[in-house]
Amino acid sequence: MPEPTTRAAGTVRDISTGPGRVLVAAYAVFAVAATGRSLVQLGTDADRAPLAYSLSLLAAVLYLVATACLLSGGPTARRVALVSVVVEAAGVLVVGTLSYAATDLFPDRTVWSHFGQGYGFLPLVLPFLGLWWLRETGKATLP
């Protein structure tokens, strides 16, 4: 495991320790769930909602990237985690809004549709918890 870096205020925590472990576990569960659901939807009924199902696959990729980066740590992984979590937050907000405004684009539930209602709204909360944790650990600064 990489050594935590220090800054003027003192030692900064590793992002995969303490509450970060729960966050990593949540991202891993969502990575598996979103990957499975999107691949089944794209493989069996892609014509029904190609945009919605493709966005679910994008969500799955973002969850996988965030999981890997939160586990590995290091400055580059932290930057990539930050970018993936910001894109995830934007995605769930945009898709959540579109799924109510343009229902024809989202005829079936996906990970981000209706702000993650099918997943207990956790897809809406998760990126903001990720952003909070990256900030809390003090290592989420971009160059």
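Modeller: The mean pLDDT of the protein chain is 85, and 87% of its residues reach 70 or more. pLDDT is the predictor's confidence in each residue, from 0 to 100. This is a predicted model, in which local features need pLDDT of at least 70, side-chain atom pairs count only at pLDDT 80 or more, and totals for chains, interfaces and linings use all residues. Residues are numbered from 1 along each chain as its sequence is written, and side-chain values use heavy atoms, with hydrogens and water left out.

Helices (H or I, at least four residues) and strands (E, at least two) are DSSP runs, numbered from the N terminus. Over residues 3-12 pLDDT stays under 50. Residues 139-143 are also below 50. Where pLDDT is low, the predicted coordinates should not be read in detail.

Now to H3 and its partner. The axes of H3 and helix H4 (residues 122-136) come within 9 Å and cross at roughly 150°. That makes H3 roughly antiparallel to H4, a term for angles over 145 degrees. Axes here are lines fitted to C-alpha atoms, for helices over the stretch in contact, with angles from 0 to 180 degrees between N-to-C directions. On the H3 side, the contact residues include Ala81, Val85, Ala89 and Leu93. On the H4 side, they include Leu124, Phe128 and Leu131. Contact means heavy atoms within 4.5 Å.

Finally, look at Ser99, which is found in H3. Ser99 is buried, with a relative accessible area of 1%; buried means under 20%, with a 1.4 Å probe and protein chains only. Its side chain reaches the backbone oxygen of Gly96 at 2.8 Å. Leaving aside neighbours within four places in sequence, Ser99 is in contact with Phe106, Ser113 and His114. Ser99 and His114 are 15 residues apart in sequence, and their C-alpha atoms are 5.8 Å apart in space.

Key:
Buried < 20%, exposed > 50% of the residue type's maximum accessible area, 1.4 Å probe, protein only. Polar contact = N/O pair within 3.5 Å; in protein donor to acceptor, adjacent residues only side chain to side chain. Parallel < 35°, antiparallel > 145°, perpendicular 65-115°, else oblique.
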